Amino acid sequence: MAQDDPVVSAQWLHQHLGAPDVKVLDASWYMPVENRDPWEEYQVAHIPGALFFDIDGIVDRTTDLPHMLPSEEAFAAAVSALHIKNQDKVIVYDGKGFFSAPRVWWMFRVFGHNKVWVLDGGLPQWRASGFDLGSASPDDAVLKSKTATKAVERVYNGEQTNTITFKTEFQPHLFWTLEKVSHNVAAKNYQQVDARSKGRFDGVAPEPREGVRSGHIPGSKCVPFPEMFDGAPRLLSADELRQKFQQAGAL
């Protein structure tokens, strides 16, 4: 397992599950139209020992926009509440295979933690491999997950939090603001990639969130994220991924 490899296999995780420096996070999240509750699903079935990472809760609380990156202090407080340390290997998965887990993978990396991987194929691949599932959530696991979300709220309220054991180091090259993207539309220094479906990119399919305009940022190339995986779903090889981006004109 190398730090420049973004995924680990279900077999690797099964072999290392329970190691003191391996921490597993269920980062499941679903679009509102799916009518699925990731917290309830986690409590019914999850990889043994996994903690729930609340994508809706571990966010910037100063804006109404969804899923905006929290501050360094807030992220450190949340991750510390999950009892994750800087020396730990973090494995993130979700209930669809590849959907919301890469978001949490990026959050850890943008705050300087490179020992983080996405479980290749997520919970569906774990199930398909015949590995055991936890069907009950220990009180300790529930408390840690809820405390992590509460810690973010306390930071933004200016209240004292528990001891911070996870140290962050913000990586600005992994984070783009609206202003930076807007500048790049004119400057065209970098190629923007839109990972949504072609219909949404072209503005002919409605957005799943009410009130969001259809279409795409000028100059973007469409590389729909579901095309990055096989039917398992497992991540395609580097050569296959490169071909997908070349076909889209993004390389």
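Trainee: Quick one on histidine 67: is it buried or exposed?
Mentor: Histidine 67 is buried, at a relative accessible area of 16%. The cut-offs are under 20% relative accessible area for buried, over 50% for exposed and partly exposed in between, with a 1.4 Å probe and protein chains only.

Trainee: Before I go on, what should I know about the model and the numbering?
Mentor: It's a predicted model: local features need pLDDT of at least 70, side-chain atom pairs count only at pLDDT 80 or more, and totals for chains, interfaces and linings use all residues. Residues are numbered from 1 along each chain as its sequence is written, and side-chain values use heavy atoms, with hydrogens and water left out.

Trainee: OK, back to histidine 67. Where is it, and what is its phi?
Mentor: Histidine 67 is in the loop between strand E3 (51-52) and H3. Those labels are DSSP runs numbered from the N terminus, with helices being H or I of at least four residues and strands E of at least two. Its phi is near 60°, positive in a residue other than glycine. Most residues other than glycine have a negative phi, and most peptide bonds are trans.

Trainee: Which other residues have a positive phi?
Mentor: Histidine 83, which follows H3, has a positive phi near 60°. Asparagine 35 has one near 55°. Asparagine 35 sits in the loop between strand E2 (22-26) and helix H2 (38-44), and it counts as exposed because its relative accessible area is 73%.

Trainee: Where is there a cis peptide bond?
Mentor: Between alanine 232 and proline 233, with omega about 0°. Proline 233 is in the loop between strand E7 (221-222) and helix H9 (238-247).

Trainee: You mentioned H3. How many of its residues are buried?
Mentor: Eight of the ten residues in H3 (72-81) are buried. Phe75, Val79 and Ser80 are among them. Helix H4 (101-110) and helix H6 (139-156) are included in what covers them.

Trainee: Switching to tyrosine 93. Which strand is it in, and what does its side chain pair with?
Mentor: Tyrosine 93 is in strand E4 (residues 89-93), and it counts as buried because its relative accessibility is 0%. Its side chain makes a 3.1 Å polar contact with the side chain of aspartate 26. A polar contact here is a pair of N or O atoms within 3.5 Å; within protein, one must be able to donate a hydrogen and the other to accept it, and residues adjacent in sequence count only if both atoms are side-chain atoms.

Trainee: How far apart are tyrosine 93 and aspartate 26?
Mentor: They are 67 residues apart along the chain, with their C-alpha atoms separated by 5.3 Å. Leaving aside neighbours within four places in sequence, tyrosine 93 also has contacts (heavy atoms within 4.5 Å) that include His46, Leu119 and Leu123.

Trainee: How many salt bridges does the structure hold?
Mentor: There are 13, each with a side-chain nitrogen of Lys or Arg within 4 Å of a carboxyl oxygen of Asp or Glu. One of them joins lysine 96 and glutamate 34 at 3.0 Å, N to O. Lysine 96 is in the loop between E4 and H4 and glutamate 34 in the loop between E2 and H2, so the pair ties together parts 62 residues apart in sequence.

Trainee: And what about arginine 196?
Mentor: Arginine 196 forms a salt bridge with aspartate 194, with the closest N and O atoms 2.7 Å apart. Both residues are buried. Salt bridges that share partners join Asp194, Arg196, Arg200 and Glu207 into one network.

Trainee: Last topic, domains. How is the chain divided?
Mentor: Into domain 1 (7-157) and domain 2 (178-248), with bounds from an automatic or database domain assignment. Their centres, taken over C-alpha atoms, are 24 Å apart.

Trainee: How much area do they bury between them?
Mentor: About 870 Å², 66% of it on carbon and sulfur atoms. That's the accessible area (1.4 Å probe) that the two parts lose on being put together, summed over both. Met31, Phe98 and Gln125 supply 47% of what domain 1 buries against domain 2, more than any other three residues.

Trainee: How many salt bridges and polar contacts cross it?
Mentor: Zero salt bridges by the rule, and three residue pairs in polar contact, both residues at pLDDT 80 or more.
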